[in-house]
Amino acid sequence: MFQDLLHLFFPKKCVACEENLVHKEMICTSCLHQLPLANTHLNNENTLKKGFNHEVDIKKASCLLYYYKKGITQRLFHNLKYRGQEEISSYLAEWFTPYLEENNFMTGIDGIIPVPLHRSRLKERGYNQVEGFAKTLATNFNKVYIDDVLIKKEATKTQVFKNRLARQKIKPNYFSLEQESKIENKHILLCDDIVTTGATMKNCIQVLQVAKNVKISIASMAYAI
C-alpha cells in the first residue's frame with residue numbers, strides 16, 4: 001500500500017521521454033517501440049565490426065541500439081550520463097541479454113571490461129555509466145568482471161557531441177594497462193556506452209592487446225551512425 005501511495009504522489013517517469021509511468025517499468029511502451037534496435041548480433045561482419053578491423057583486430061562486435069542526435073536515444077543517454085540515472089546502464093544490459101543469447105555471442109568470452117572513467121570524472125559524476133552494463137552482462141553470462149586492468153590516465157571531454165575530426169584525436173597515453181597477467185591468454189569483451197568514430201575503443205583495444213595472446217570482442221549500448 002505504501003508503495004502504491006508513493007507512486008501516486010511521486011510517479012516514476014520514463015527515462016527516455018520523462019512521461020509518467022503507469023507501471024513499474026523504466027521505459028514507457030511508446031519509447032520502447034521508438035528506440036532503434038541495431039540487431040548487430042545477427043551478423044558478426046556488421047558495420048560496427050568493420051569500422052574497427054582496418055586498425056585493430058577484434059573477434060566479434062555487437063550493440064543494442066543505434067544512436068541519433070536530437071532524438072529519443074540522445075535523451076536516454078543524456079539521462080544516463082548527466083542526470084544521475086545510473087540504472088539505465090543495467091536496464092540496457094538486461095534488454096541486450098536475450099539478443100546475445102540468440103546467437104551465442106558470449107561463447108568463449110572469459111572476462112568483461114568496461115571502458116574506464118578518469119578518477120576526476122568518476123568523482124564528479126559519482127559512477128561510471130558503463131559499469132552497470134558490463135557488470136550485468138558479466139552476471140547474466142557468468143563471466144569475470146574486471147575493472148582494475150584498463151585504467152584511464154587523463155580526463156577527456158565527452159566524444160558524442162564533438163565533430164568527427166575532433167573525436168578521432170585521442171592521445172594513445174590516455175589509457176594504461178595494469179596487472180596484464182589477468183587477461184593474458186583470455187578472450188575479453190570490452191564494453192562502452194556509445195561508439196561514435198570508435199577512437200576511444202580503438203585506443204583501449206591497442207592498450208589491452210599489449211597483454212600476451214589476448215583476444216578482444218566489443219559490445220556497446222549504442223552505435224552512432
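I shall speak about aromatic rings, then charges over rings, and then strands and a helix.

The model is predicted, so to speak of local features we require a pLDDT of at least 70, and side-chain atom pairs count only at pLDDT 80 or more, while totals for chains, interfaces and linings use all residues. Residues are numbered from 1 along each chain as its sequence is written, and side-chain values use heavy atoms, with hydrogens and water left out.

Let us start with the rings. A pair of aromatic rings is described by the distance of the centres and the angle of the planes. By definition, rings of Phe, Tyr and Trp (its six-membered ring) pair if their centres lie within 6.5 Å; planes under 30 degrees apart count as stacked, over 60 as edge-to-face and the rest as tilted. How many aromatic pairs does a search of the whole structure find? The search finds two.

Helices (H or I, at least four residues) and strands (E, at least two) are DSSP runs, numbered from the N terminus. Because Tyr67 belongs to strand S1 (residues 61-67) and Phe77 to helix H4 (residues 72-82), the pair ties together parts that are ten residues apart in sequence. Buried means under 20% relative accessible area, exposed over 50%, and partly exposed in between (1.4 Å probe, protein chains only). Tyr67 counts as buried at 4% relative accessibility, and Phe77 is buried with a relative accessible area of 2%.

Next come Phe96 and Phe133, whose ring centres are 6.1 Å apart with planes at 20°, so the pair is stacked. Phe96 lies in helix H5 (residues 87-102) and Phe133 in helix H7 (residues 131-140), so parts 37 residues apart in sequence are tied together. Both Phe96 and Phe133 are buried.

I turn to charges. A charge sits over a ring if NZ of Lys or CZ of Arg is within 6 Å of the ring centre and within 35 degrees of the ring normal. Lys60 lies over the face of Phe105, 5.1 Å from the ring centre. Likewise, the charged end of Lys202 sits over the ring of Phe52, at 5.8 Å from its centre.

Now the strands, which pair if DSSP finds at least two bridges between them. S1 and strand S7 (residues 215-224) run parallel and are joined by six bridges, with Ala61 opposite Ile218 in S7. Strand S6 (residues 187-195) also runs parallel to S7, with eight bridges, and Val195 stands opposite Tyr223 in S7. Is S7 mostly covered or mostly uncovered? S7 is mostly covered, as nine of its ten residues are buried. In S6, nine of its nine residues are buried.

Finally, back to H4, the helix that holds Phe77. Its buried residues include Ile72, Leu76 and Leu80. Just after H4, Gly84 takes a positive phi of about 75°.
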